[in-house]
Amino acid sequence: MMRALMIDLGLLVLGIILAIAGWFLTPGAASFQFPGPINVAGQSLIALGLTFIVVAVGLLLAGAAERMMSATE
Amino acid sequence: MLATVTGLWFPGVKLPQFDFNTLNGRLALGDLSFPASSTTFIVGGIIHMTDGIIWALIFGLIISPVLGVVIKPLRPMTPTVNLMKGIIWGGALWIISSALWMPLLIGAFLGPTLTGPFGLPCGVGPFLTCFGPYGVQALFTNLFWHMIWGVNLGLLFNPMRAAGRVRW
């Protein structure tokens with residue numbers, strides 16, 4: 001269980017690092033005006049980083065639900 | 001619905017906006033005007049959310065049980081395993097969206113307008129490697145969008161095992 005938690009946290013940290021790196025690589029401020037800032041590498045890193053974050057948060061929530069279920073059984 | 005709304009917020013984190021409502025509305029109504037009308041957005045939104053419900057039903061009734069039978073580690077019906085199945089289904093739909101829906105439908109319909117009057121580098125490239133002014137970041141943003149949908153589905157869909165024998 002501890003190993004799974006460490007993997008989840010590792011994925012979360014990796015996602016945060018990628019997203020922050022992508023944010024600084026992408027020039028200009030965030031804008032809702034089309035097309036907004038464009039940078040292939042930066043935006044790809046932001047998207048991948050946020051993907052890792054979403055998956056890691058999902059795994060943490062599912063793991064927490066599992067621990068709660070086993071505790072109440 | 002969660003993923004659909006999140007796609008509209010993507011420019012807030014410097015990503016291309018993923019407005020599937022408008023894209024679906026354009027396809028359904030043949031609307032090539034810029035910006036698209038609110039009718040296009042609403043009709044497309046209804047289509048897209050119906051799509052999402054149908055794909056979720058297919059997941060619940062077919063994909064999730066079949067994955068449990070075909071892949072042994074995915075047999076236990078625990079929250080983590082259900083989440084993994086949701087992520088797999090989200091990934092499969094990302095591939096379908098990027099390889100087929102976006103280039104073959106949106107690209108064929110909207111591509112000539114994007115590359116013609118707007119002078120953008122491309123319409124919708126193969127496997128979403130470009131989308132209007134964007135390059136391969138559109139593909140990864142599409143992955144992010146589908147992971148939001150898959151994680152949401154996997155966390156919400158937690159079926160209980162039947163009291164007797166499981167019959168799939």
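Is Phe127(B) buried or partly exposed, going by the number of other C-beta atoms within 10 Å? Hold that thought, everyone; I'll come back to it after the overview.

First, some housekeeping. This is a predicted model, in which local features need pLDDT of at least 70 and side-chain atom pairs count only at pLDDT 80 or more, while totals for chains, interfaces and linings use all residues. Residues are numbered from 1 along each chain as its sequence is written, with chains lettered from A and ligands numbered from 1 in the order in which they are written.

Let's start with chain A. It has two helices and zero strands; helices here are DSSP runs of H or I with at least four residues, strands are runs of E with at least two, and both are numbered from the N terminus. Its C-alpha atoms fill a box of roughly 55 × 20 × 15 Å along the principal axes. The radius of gyration is 16 Å, whereas a compact globule of 73 residues would come out near 11 Å. That radius is taken over C-alpha atoms, and the globule rule is 2.2 Å times the number of residues to the power 0.38.

How much of chain A is buried? Of its 73 residues, 34%. By buried I mean that 20 or more other C-beta atoms lie within 10 Å of the residue's own; exposed is 12 or fewer, partly exposed is in between, and the C-beta atoms are placed from the backbone. Among contacts in chain A with a separation of 6 or more, 64% link residues 24 or more positions apart. A contact means two C-beta atoms, again placed from the backbone, within 7 Å.

Leaving out residues up to four places away in sequence, Ile53(A) touches Leu12(A), Gly15(A), Ile16(A) and Ala19(A). Its C-alpha atom is also 9.4 Å from that of Leu9(A), 44 residues away along the chain.

On to chain B, which has five helices and two strands, running α-α-α-α-β-β-α from the N terminus. The C-alpha trace spans about 65 × 30 × 30 Å along its principal axes. Buried residues account for 40% of its 168 residues.

Within chain B, have a look at α4(B) and α5(B). They pack at an angle of about 145°, with axes 7 Å apart; the axes are lines fitted to C-alpha atoms, for helices over the stretch in contact, and angles run from 0 to 180 degrees between N-to-C directions. The residues of that contact divide into 13 nonpolar, ten polar and one charged. In this scheme Ala, Val, Leu, Ile, Met, Phe, Trp, Tyr, Cys and Pro are nonpolar, Asp, Glu, Lys and Arg are charged, and the others, Gly among them, are polar.

How do the two chains meet? Here 25 residues of chain B are in contact with 26 residues of chain A. On the chain B side, α4 (79-115) and α5 (137-156) each supply at least two residues, and the largest share, ten residues, comes from α5(B). By class, that side has 16 nonpolar, eight polar and one charged residues.

The largest nonpolar core has 49 residues, and Ala47(A), Val55(A), Phe144(B), Met147(B) and Ile148(B) touch the most other members. Such a core is a set of buried Ala, Val, Leu, Ile, Met, Phe, Trp, Tyr and Cys residues joined through C-beta atoms within 7 Å. Beyond its neighbours within four places in sequence, Phe144(B) is in contact with Ala47(A), Leu50(A) and Thr51(A).

Now for the backbone. Most residues other than glycine have a negative phi, and most peptide bonds are trans. In chain A, the bond from Phe34(A) to Pro35(A) is cis, with omega near 0°, and Pro35(A) lies in the loop between α1 and α2. In chain B, the bond from Phe34(B) to Pro35(B) is cis too, with omega near -5°.

Lys14(B) has a positive phi, near 65°, and is buried, with 25 other C-beta atoms within 10 Å.

That brings me back to Phe127(B), which has a positive phi of about 55° and lies in the loop between β1 (122-124) and β2 (131-132) of chain B. Phe127(B) is partly exposed, because it has 15 other C-beta atoms within 10 Å. Thanks, everyone!
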